[in-house]
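Please read it alongside the structure shown here.

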Amino acid sequence: MSKKEIKQKNSSTNLNFIDGLISQTLNIKGISIVLTMYSQFLDKNQSIVYEVLTLSLTLLLLNLFTHMTWVYGGSWMAKKFASNYAVKIQSKIFGGMLIAVSFWLLSQILYC
């Protein structure tokens, strides 16, 4: 796959804010993390407003940092690994890994 084909393929899927909002709303892992965080760290003896604001701000900052890391890291990797040479190397590495896993599975069947 050439860079031109990758650019053409990526230009056909433009996601917007609503797509991200729907994705996050339906993300059960994210919802369970928030519920667990509040149930574990809220102290009934402290001010509930202060506690909720502190936890919410901490979660916001953590999410911004991790999401931006993923966005910039993924963008960098997409640019770095899109050349034909890089794709050939990746194919050899991933193919070798598949062969190694198949031998491991075969050994598990034969010797266990």
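Val34, Met37, Tyr38 and Phe41 in H3 are in contact (heavy atoms within 4.5 Å) with Glu51, Val52, Leu55, Ser56 and Leu59 in H4. The model is predicted: local features need pLDDT of at least 70 and side-chain atom pairs pLDDT 80 or more, while totals for chains, interfaces and linings use all residues. Residues are numbered from 1 along each chain, and side-chain values use heavy atoms, without hydrogens and water.

**Helix packing**
- The contact of H3 with H4 divides into seven nonpolar residues, one polar and one charged.
- The axes of H3 and H4 lie 11 Å apart, at an angle of about 140°.
- H3 and H4 cross in a right-handed sense (near helix turned clockwise from the far one by less than a right angle).

**Largest pocket**
- The largest pocket has a volume of about 500 Å³ (on a 1 Å grid, an open set of points with protein on both sides within 12 Å along at least five of seven lines).
- Its lining (residues with an atom within 4 Å of a point) has 17 residues, and Gln24, Gly30, Leu59, Asn63 and His67 lie nearest the centre.
- Helices H3 (28–41) and H4 (48–80) each give two or more residues to this lining.
- H4 supplies the largest share, nine residues.
- The lining comprises nine nonpolar, seven polar and one charged residue.

Note on methods:
On a 1 Å grid over the protein atoms alone, a cavity is a set of points where a 1.4 Å probe fits but cannot get out, and a pocket is an open set with protein on both sides within 12 Å along at least five of seven lines; lining residues have an atom within 4 Å of a point. Grid points are joined across faces, edges and corners, and a volume is the space filled by probe spheres set on the points. Helices (H or I, at least four residues) and strands (E, at least two) are DSSP runs, numbered from the N terminus. Ala, Val, Leu, Ile, Met, Phe, Trp, Tyr, Cys and Pro count as nonpolar, Asp, Glu, Lys and Arg as charged, and the others, Gly among them, as polar. Axes are lines fitted to C-alpha atoms, for helices over the stretch in contact, and angles run from 0 to 180 degrees between N-to-C directions.
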